[in-house]
Amino acid sequence: MAIESAVTHTDPMAPDRKLPPEAASPERSHRSALRKAGWYVLLSALSLVVLFPLYMTIVRAISNPSKALLTGGAHLTPIDAEWDSFTRAFNEGNLGRPLLWSLAVTLVIVGGQLLTSLFAAYAFAFLDFPFKRVLFGVVVATLLLPIEVTLVTNVETFQDWGWIQPNQNGGQAFGALTLPFLATAIGIFLIRQGFLSVPRDLRDAAALDGYGHLRFLWRVAIPVSRPIIASFVLISFLGAYNQYVWPSASVRTQMYNTIQLTLRAVTGQRLDQLNIPFAAAIVASIPVLVLLIAFQRHLVRGLTAGAVKG
Amino acid sequence: MTAVAGPTATAGRGSGRRVREAIAAYLLLAPSFVVFALFFFWPLWGLIHNALHQKNIQGTAEKWVGSKQLVDTLTGEEFRQGLGVNVKFLVLTVPIGVVLGVLLAMSAHRRLRGIKIFQTIFSSTVASSVAVSAVVFLTIVNPEIGIFRDVGWLSFDRPFSALTAVSLSSIWRNLGLTFVIVLAGLQAVPDEVVEASLLDGYGPVRRFFRITIPLISPTLLFLAVVLTVDAFQAYAQMELLTGGGPAGGTETILFKITRLLQPKDVGEGSSMALGLFVITGLVAAAQFGVLNRRVHYGD
Amino acid sequence: MTIGRPRLRRTLAVLSIGALALAGCGGDDNGNAGNDGSGGGKANAADCPVDAFKDANGVTTIKVWHSYVGSVRNTLEKIANQYNASQDKVKVEVEAQGNSYDALRRNFEAGIPNRQLPAITIAEDTNTQFMIDSRVVLPATSCLEADPKAAEQVKDILPAIRAAYTVDGVQYPASMNASTIVLYYNRKHFAAAGLDPDKPPTTLKELREAAEKLKASGQSEKPLVMKMDPWFLEQWITGDGQEMVNNDNGRSGLATKATIDNEAGRTAMDFIASMKKDGLLNAVPGTEGQINHYLAMLPSGSSSMLLETSAAITTINGVLTGNINPEDLGQQAGTEISGDALKALAGDLDIGVGLNPGITAPGKGQVGGGAWYITNTGSKEVQSAAWDFVKYFNSTPVQVLWTMEGSYLPILESAKDDPTLQKDWTTTKKGGWLATAYEGITTLDPEFPGPLIGPYDKFRDLFRKGIETVALQDGAPEQSLKQAQDAITKQLEEYKDNNF
């Protein structure tokens, strides 16, 4: 159909990968090469600094823990490195379970945020209704109330429901971990931004063809805004997965620790198995690193959504 | 944004249609707003309620104390100490964070083969959470196993040096985010302006301070606000690296709040949370206001 | 004014009627706790349904909350299993609530408003006043009066221990786990420094002299190592017969002022400050899960003397003999390490154990450890079943098992006199250490059993901050002490105000 094809050719949110213009003045080739070499040196040096802590973590993760303890524990190079110390750390530290648990919680949060934000953004972008501006103001207001501020009373709420208590079971923990985050202002903003850029003619054409709200949402609005929606999904994932404050206050049984909480649990536990916390840190970062590398463009767009004008 | 007629077209614009549109809108908004009501606004009301009441030590009853508890808590030793920690932490992390972000972005914003690799490396710390970055920095600053454990200004024995050690982990963690944001700002600088400055013979330094910085100032402002809010919400990195020590010297406001979740402490905890709420809002607004005047929008 | 959430309000209404009925028998509460003594009123035999569980249909299940790890936890579970196997009316479920007394207290506190409490909780010794004020405890005296045979069983409890947990004539906990502070020292270092390895220091002055000699002869860089935990200073202050709070150390009424800035307090703080200044003290921060103070005693460490709890005796013995479960070490420090690794590190250490050196005399102070409280929020069947289990726990054979495998000190003379125990104490090294520690608690003064402080957690927190300021940041001892005292006074006042 005409509309569908029009949709796939529109990408108003394509990022600009602009690089700076070249200097106008002519350069001798060797001076230019020297300058380039200089930049490479600087960039490499900076990269080393950025990667150094990560390097240290890997070193500790693969070093033989008992030997490491005997030499005092602070070493720059691996001691008796064994590549299977990763797998062993994984098993000893029981890292598989919290990782899966974290992923499950994160997926539910991301899914919930996506759904609620799509609906709300649609309403704000395409519909007219009383109190629209007020309600939008309410959405903005929620930005001032992150979980860090509302911690105390949100804990109380779940305590009243009996979901945060010493004998917490899996369902209660899962509910406590996910419910407060099923909607977010950021999602509404970003997706609304994407929806607003649906070209007027597409909207009119759809109206003429008698598209209902849901059909329009599914067939036109979402496809057109796909890049920004993808960006939102990524930063939503990042935020949910990396959370620490709320899980630390709401999970009462070690069994239902997220992977971030597990880091706290395994740090300082076994002196002669110091590789476990560091292996855990690496394991915890892998899902996000994978996403970062695979979807760098979208992630960047999501992170910079408020930073750049125009 | 103008009021837009919905995608469903009918001949008449009767009130029946408007009503249906409104109902559709409210239905679509309902899921989000239920979450907002339950977990954002109701708790805010709860904070105010808690701050105005004092529970007994058994947590079974409460009495009205008015604003006394709120005032006492916010002017009291604990809150002031926590606020001091947050402010020091802010001073340690925000300026350096912005400068490093600019440094990395300026370095990686050029035509060079393989520049994308460097850009990926610079943005990689985005993948580390607060917990991960804290554990990573155990290898560097922890008094037992850190390689810098003998460095005096990172010692865990004194509050300020312990805070400095914690700041390192946060600065590192934020490198990726700051890089990405400043780079985006640089990429949005219009070609014409840069070309014009080159034609005018601006050297790199002059170009940087007279052209680049003013043009990316909105981005830098945004970055500063993000990092500042992050600094006021610091907690996990302290818990994992110093446990709040020594002698409570690295306990931020949020850290103290997490220790005040017991029924008999919620009055105090809620008061602190309200303080945090107001302070964060004020700081962000002030930063925006003050810096906005020095920021250069458009041309 | 009651809490304004509909479901809670209804529940509380029902509960408060029940509580009032119970309170009617149990004496006054509701704010009068401070007036006539700090107790919660008289105990009433009628409150303790000794045999109710026997008439119940089926099995009564009761929960026991604790925070033990390692060998202590194993022993507790073993005892519970034995009890369950020995009869079929009561089933005991032992539940760990975190790894520290603090975590346990937090969970217990969180359960009070909604009455989500276990039948028995094993709380830290410092919680006595709070447990009384919580109004959810069934005083042991009620049960002892209703069950004379049980009273017989525990009549030989050490007087100092009974005194510590009795307020206004009412004993609150039904059983206790006792531990005290002892001095672990390196005998080889002592001999090499010209000190008698069989005569460890008994006063702070002697402690300093020993440290000076050890340092001068090059045996250790910082001869004395200890965690900056207020517990040590509290022992010194109480051991010197001085009060830490007003109102008779909190025993004749709720304390409203801290008095730690007294002669003993200043002596203790000065001791810490001067030892640190002269490089004789290895001050380890008082955070939970610290193990560095133990490590300092290893040959690769820098200390020769360690002040710590007697409950570490079996663990330390395990380290030296190589028979240690990683979890056993975890009990002391929340950190685990394999026996082989530790043995390699321990080498040929020869450790001696002495009484806690006091300001003027050794071994004095206040009893430490934990206490068993039965809650009154459960049904009659549950409460009576709990009492039955405690009686089992207090029986001599079980107490002997608890001491020998759990390493808490015997609170009943009959347990101490048990032949198996005596054989262990007189023939093994570890037994000898336990005997020394036991000597310590027998010298405690029943007339001066230590303070009763409601907000003990805040007390410890503020005191710890003061001590750490002195030990780690060269703060002025007098000033830190006074500041801690003022801050604690405020907490005490708030506690009293909020006890409505």
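**Aromatic pairs and ring contacts**

Student: How many aromatic pairs are there over all chains?
Tutor: The model is predicted. Ring centres must lie within 6.5 Å to pair. By this rule, the count over all chains is 43.

Student: What kind of aromatic pair do A:F126 and A:F216 form?
Tutor: The centres are 5.1 Å apart, with 85° between the planes. An angle over 60 degrees counts as edge-to-face. So the pair A:F126 and A:F216 is edge-to-face.

Student: How many residues apart in sequence are the parts that A:F126 and A:F216 tie together?
Tutor: A:F126 lies in helix α5 (residues 96-126) of chain A. A:F216 lies in helix α11 (residues 213-224) of chain A. The pair therefore ties together parts whose separation in sequence, in residues, is 90.

Student: Is A:F126 buried or exposed?
Tutor: Buried means under 20% relative accessible area. A:F126 has 0% relative accessibility, so this residue counts as buried.

Student: What is the angle between the planes of A:F158 and A:W161?
Tutor: These two rings form an edge-to-face pair, 5.2 Å centre to centre. A:F158 is buried at 0% relative accessibility. A:W161 is partly exposed, at 35%. The angle between the planes of A:F158 and A:W161 is 70°.

Student: Which residue has its charged end over the ring of A:W39?
Tutor: A charge over a ring needs NZ of Lys or CZ of Arg within 6 Å of the ring centre. Here the distance from the centre is 3.7 Å. The residue over A:W39 is B:R110.

Note on methods
Residues are numbered from 1 along each chain as its sequence is written. Chains are lettered from A and ligands numbered from 1 in the order in which they are written. This is a predicted model: local features need pLDDT of at least 70, side-chain atom pairs count only at pLDDT 80 or more; totals for chains, interfaces and linings use all residues. Side-chain values use heavy atoms; hydrogens and water are left out. Rings of Phe, Tyr and Trp (its six-membered ring) pair if their centres lie within 6.5 Å; planes under 30 degrees apart count as stacked, over 60 as edge-to-face and the rest as tilted. Helices (H or I, at least four residues) and strands (E, at least two) are DSSP runs, numbered from the N terminus. Buried means under 20% relative accessible area, exposed over 50%, partly exposed in between (1.4 Å probe, protein chains only). A charge sits over a ring if NZ of Lys or CZ of Arg is within 6 Å of the ring centre and within 35 degrees of the ring normal.
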